[in-house]
Structures are given as structure tokens and as C-alpha cells.
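Here is a short report on a protein model. It starts at a pocket, then moves to a sulfur link and the strands.

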Amino acid sequence: QVQLVESGGGLVQAGGSLRLSCAASGGTFSSWTMGWFRQAPGKEREFVAAIGWSSSSTRYADSVKGRFTIARDNVKTTVYLQMNSLKPEDTAVYYCAVIRDLVTIGVSYWGQGAQVTVSS
């Protein structure tokens, strides 16, 4: 079955950077559209970024545009989220996902999540 395993979360000061990784298995990764979502305490899970199978198409939430970059390596079956200029409001559990398309951002599979904490 499909497995998504996130890593790279942690504690960072405001203005710092982190890179999340999501290792995927159990299917044809190179054909999947992949995405990142996050959920802050007391809030609903929200979309962060997505990338098409060929890396030529990406989509970002307005709140992270210009600060976060999504990328993928189809050989390593891994998707990344480079997060720069982090703010305390970026604190959340970040989830990797296989999504159906870049328009609807409907999720087919979720990872278990990685905690990111940004201190002020």
C-alpha cells in the first residue's frame, strides 16, 4: 500500500529555515501529484504547496509564496518542502499527501505528519 513518511521537522527561530522530506513507496511515484498541508493547533488543516508529476507545475498558498519551495526527486521517490524566512505562524504539523490534481487539491493519501515549531 501507499506509504508516505515525513522527516526534517523541528524547532527553529523566526527567520530561519527548515527542509521537510517525504519518502513515498507503494506505487508509481513518478505519476503522482504531490502536496504539503499543515494543521496548526485549534485550526483546520490547510493547503500549503503542490507539485505535478513532472515538476513543471507548482501551486502555493498565498501565505507561503516567495518563502516556501516544493520540489521532487522521482528517482528517490521523495518530495521536499524548503521553508525559508519562517514565522511563528508557520508553526504546525506538516503533512505530505498524494493529491488528485493541482486544481481541486483533493487528497488520496496522507503521511503521518511532522511537527514544525517556529519560535519568536
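The lining of the largest pocket splits into five charged, three nonpolar and two polar residues. Here Ala, Val, Leu, Ile, Met, Phe, Trp, Tyr, Cys and Pro count as nonpolar; Asp, Glu, Lys and Arg count as charged; the others, Gly among them, are polar. The lining consists of R38, Q39, A40, K43, E44, E46, P88, E89, T91 and A92. The space in this pocket is about 160 Å³. A pocket is an open set of points on a 1 Å grid over the protein atoms alone, where a 1.4 Å probe fits, with protein on both sides within 12 Å along at least five of seven lines; lining residues have an atom within 4 Å of a point. Grid points are joined across faces, edges and corners, and the volume is the space filled by probe spheres set on the points.

The model is predicted: local features need pLDDT of at least 70, side-chain atom pairs count only at pLDDT 80 or more, and totals for chains, interfaces and linings use all residues. Residues are numbered from 1 along each chain as its sequence is written, and side-chain values use heavy atoms, with hydrogens and water left out.

**The disulfide**

How many disulfides are there by the distance rule? The count is one, where a disulfide is a pair of cysteine sulfur atoms within 2.5 Å. C22 and C96 form the link, with their sulfur atoms 2.1 Å apart. The angle about the S-S bond is -75°, which is left-handed. C22 sits in strand 3 (residues 18-25) and C96 in strand 9 (residues 92-99), so the pair ties together parts that are 74 residues apart in sequence. Strands are DSSP runs (E, at least two residues), numbered from the N terminus. Both C22 and C96 are buried, that is, under 20% relative accessible area with a 1.4 Å probe and protein chains only; exposed means over 50%, and partly exposed lies in between.

**Strand pairing**

Strands of a sheet pair through backbone hydrogen bonds, either parallel or antiparallel. Two strands count as paired if DSSP finds at least two bridges between them. Four strands form an open antiparallel sheet in the order 1-3-8-7. Its edge strands are strand 1 (3-7) and strand 7 (68-73), and each pairs on one side only. From one strand to the next, the twist averages 15°; axes are lines fitted to C-alpha atoms, and angles run from 0 to 180 degrees between N-to-C directions.

| Strand pair | Sense | Bridges |
|---|---|---|
| Strand 1 and strand 3 | antiparallel | five bridges |
| Strand 3 and strand 8 (residues 78-83) | antiparallel | six bridges |
| Strand 9 and strand 11 | antiparallel | three bridges |
| Strand 2 (residues 10-13) and strand 11 | parallel | four bridges |

Q3 stands opposite S25 in strand 3. L20 stands opposite L81 in strand 8. In strand 11, V116 is the bridge partner of G10, and A114 is the bridge partner of Y94.

**Side-chain faces**

**A loop residue**

S56 lies in the loop between strand 5 (46-51) and strand 6 (58-60). Its relative accessibility is 62%, so S56 counts as exposed. S56 and G15 are 41 residues apart in sequence and 28 Å apart in space, C-alpha to C-alpha.
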